[in-house]
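Here are some notes to read alongside the model. Take them one at a time, with the picture open beside you.

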Amino acid sequence: MIVDSMENVELFSSEGKGRGLKAAKEFCAGDVIFAEPAYAAVVFDSLTAHVCHTCFKRQEKLQRCGQCKFAHYCDRTCQKDAWTNHKSECSAIKKNGKTPNENIRLAARIMWRIEREGTGLSEGCLVSIDDLQNHVDNFGEEERKELTADVQTFIDFWPPSSQQFGMQYISHIFGVINCNGFTLSDQRGLQAVGVGIFPNLCLVNHDCWPNCTVVFNNGKIELRSLGKICKGEELSVSYVDFLNLREERRQQLKGQYYFDCTCEHCTKGLKEDLMLAVNDENKPSQGVVKEVIQFTKDTMEKISKARSEGAYHEVVKLCRECLKKQEPVLADSNIYMLRIMSLASEVLSYLQNFEEAAEYARKMVEGFLKLYHPNNAQLGMAVMRAGVTHWHAGLIEVGHSMICKAYAILLVTHGPTHPITKDLEAMRIQSEMELRMFKENEYVYYKMREAALKNQPIHVMPEPSSNTTPNSIFHKKQ
């Protein structure tokens, strides 16, 4: 059941964190605590012609707005639903003759809504846009320059006929977007496609080992419980990917959200020993470990360059060289080894070298299971990809096992109605049927599989991209 009202939560003053939300009742794993539509949202600049501006679904063919020629929609229904938010934007784009960037568009949509409703406090919201944190006072010199440029671009774009806002208020809105803009994903949760403001979500504080997760589903964000939450317990989400060292997480949180993390995992350095574990059998010296970690960092930079150029065979070569150096020195849960294995598996899958990809994926999942919360969404997605890779490699038993594991995690983190969970359920049923066939007659199974793959084009893995599922839930301006 999706809960749109905020009766399940209470606003309170969280010690050392400011405002926070706590549970008004007990929750179990997978419960939706609340669902919230965006106050305002926009599609990323790079995807405006590929993603619907209303429902944020990726579509092959979209209908373009006949007036501004900028906005794109699935169909007439989406276009009609968008008109309240798009009307003023459409007129401004036509008058300007060009479209501003996503930050300017989002700020404009927020202020047009405030103009329409006469207030920044919308129905169902516990907090007004006016009262959200902007952290403008914490901006560094470079951020202040960008803010000044954004404000000026906004003023040039904003129609004289619309309600006029002061420079300070416009700066406040850009500050809110900077630290509270939530990254929206496509319908299957596999690609970041836009950014939106969700006032109630902004009240949920960070913890590196949280009790909740956030997912974008059917046009709304859902705050979902990862396990049992008692009445009165503070609700938390992780603003960043846990699969980083404590200092890396703290640095990212300080740089993007302007606070020092004091959660238990950061304070006590929990899981840090596993993330930096070395190969016990070989007992390498500190000097050797340091050398291998530096080699990995240098390799990651080379891999990033090769990926950006589409040189995927070069990426595989770099990964193999790095893993050869890592294996005698680092343990299988070491974060530097896991990063390389993840890259190797992803790129090899894209190149359809599934057997080697499956081997790296299996080791990667084993490491992830030691580090992540058992109901972590990114763990679920990684296990799902590993299961699909094993299926492609013809390793049906391990593949089916991983697909079942991923399905169990995603039932909690995404829920049974999310498109990716539905896809996974179909995969689980198919792999279960194939596994039964495999156990009855292995030879016949492989013959049938071979014939099926010949008649039907093999599902090619998507091209590795930097615009995949984000590592932080909030969108930072690039």
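1. Let's start with E355, which at 60% relative accessibility counts as exposed. Here exposed means over 50% relative accessible area, buried means under 20%, and partly exposed is in between (1.4 Å probe, protein chains only). E355 sits in helix 11 (residues 354-371); helices (H or I, at least four residues) and strands (E, at least two) are DSSP runs, numbered from the N terminus. Look also for H392: it is 37 residues from E355 in sequence, and the two are 8.2 Å apart in space, C-alpha to C-alpha.

2. A word on what you are viewing. This is a predicted model, in which local features need pLDDT of at least 70 and side-chain atom pairs count only at pLDDT 80 or more, while totals for chains, interfaces and linings use all residues. Residues are numbered from 1 along each chain as its sequence is written, and side-chain values use heavy atoms, with hydrogens and water left out.

3. Now find helix 3 (residues 141-157). Its 17 residues reach 25 Å from first C-alpha to last, close to the expected 24 Å (1.5 Å times one less than the number of residues). Which residues of helix 3 are buried? They are L147, D150, V151, F154 and F157. Seen down the helix axis, these buried residues fall within an arc of 125 degrees, so they line one face of helix 3; the arc is that of the directions from the axis to the C-beta atoms. On the other side, E141, E142, T148 and D156 are exposed.

4. The buried residues of helix 3 pack against helix 1 (76-96), helix 2 (102-117) and helix 4 (167-180).

5. Next, the largest nonpolar core: a set of buried Ala, Val, Leu, Ile, Met, Phe, Trp, Tyr and Cys residues joined through side-chain atoms within 4.5 Å. It has 132 residues, and those touching the most other members are I33, F34, I110, F154, I197, L223 and L235. Helix 10 (residues 335-350) gives the most to this core, with ten residues. Leaving aside neighbours within four places in sequence, I110 is in contact (heavy atoms within 4.5 Å) with Y39, A40, I129, I173, I177 and I197.

6. How many disulfides are there? With a disulfide taken as a pair of cysteine sulfur atoms within 2.5 Å, the count comes to zero. For C90, the nearest cysteine sulfur, that of C65, is 3.8 Å away. C90 is buried, at 1% relative accessibility.
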